[in-house]
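Okay, thanks for coming, everyone. Let me get the model up on the screen, and then I'll walk you through a few spots in it.

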Amino acid sequence: MSWYVVQTLVKDELRAREHLQRQEFDVFLPMFGKVVVQRSARKVALSALFPGYLFVQFDPTITAWRAINGTRGVQRLLCTGDTPSAIHESIIQTIQGRLDKFGVMLQNGFEQWKHLIDQKMRIIDGTFKDQIGTCVWADGERVKILLAILGRNVVIALPQSQTIVID
């Protein structure tokens, strides 16, 4: 069986996945997670890795694949002429290999820098020099630090080289 690309309606990837799965299609919707701060709390916000698209696996010789185009949340199955356009299995395997155990790809190699999250950091250069805050995001080059300034929590982004981790 091959994988095919389905174009979904705008921001309707989850609905399309649900309805395709109800029709017993094997659906792959890779998700992208990024750490965001809302109301001083860290959380991972999920969205489609490829907004407006998902992957469906089927055999076009034995599957009633035209039903995909009539599925809620689906705009169309990508075809060449009147034939579904298969994508190479290695593309799906590569994407799957970069996902965590929950099927989510974390932003910018976040996995290797997540040890910095929740660490107290001192800013050693720039406008906020000597301020101490909590790291809420890091990618190896930049960090986002939650600071309490004038009674409010503010997230600032700066080069990681301008900070040090403190105990």
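Gly81 sits in the loop between strand 7 (79–80) and strand 8 (83–84); helices here are DSSP runs of H or I, at least four residues, strands are runs of E, at least two, and both are numbered from the N terminus. At 72% relative accessibility Gly81 counts as exposed, and on the cut-offs used here buried means under 20% relative accessible area, exposed over 50%, partly exposed in between, with a 1.4 Å probe and protein chains only. From Gly81 to Met105 you go 24 residues in sequence, and C-alpha to C-alpha they are 33 Å apart in space.

Quick housekeeping. This is a predicted model, where local features need pLDDT of at least 70, side-chain atom pairs count only at pLDDT 80 or more, and totals for chains, interfaces and linings use all residues. Residues are numbered from 1 along each chain as its sequence is written, and side-chain values use heavy atoms, with hydrogens and water left out.

Now, backbone angles. Most residues other than glycine have a negative phi. Which residues go the other way? Glu24 does, with a positive phi of about 70° although it is not a glycine. Glu24 lies in the loop between helix 1 and strand 2, and it is exposed at 74% relative accessibility. Leu150 is another one, with a positive phi near 50°. You'll find Leu150 in the loop between strand 13 (142–149) and strand 14 (152–159), and at 84% relative accessibility it counts as exposed too.

Okay, on to strand 5. Five of the six residues of strand 5 (residues 53–58) are buried, so it is largely enclosed by the rest of the structure. What does strand 5 pair with? Strand 1 (residues 2–8) is joined to strand 5 by six bridges, running antiparallel, and pairing takes at least two DSSP bridges between two strands. In that pair, Val5 stands opposite Phe55. Strand 2 (residues 26–28) also runs antiparallel to strand 5, with three bridges, and there Asp26 is opposite Gln57.

Is Thr71 buried or exposed? Buried, with a relative accessible area of 6%. Leaving out residues up to four places away in sequence, Thr71 touches Ala16, His19, Leu20 and Gln23, where contact means heavy atoms within 4.5 Å. The side chains of Thr71 and Gln23 make a polar contact at 2.8 Å. For that term, read a pair of N or O atoms within 3.5 Å; within protein, one must be able to donate a hydrogen and the other to accept it, and residues adjacent in sequence count only if both atoms are side-chain atoms. Thr71 and Gln23 are 48 residues apart along the chain, and their C-alpha atoms are separated by 9.0 Å.
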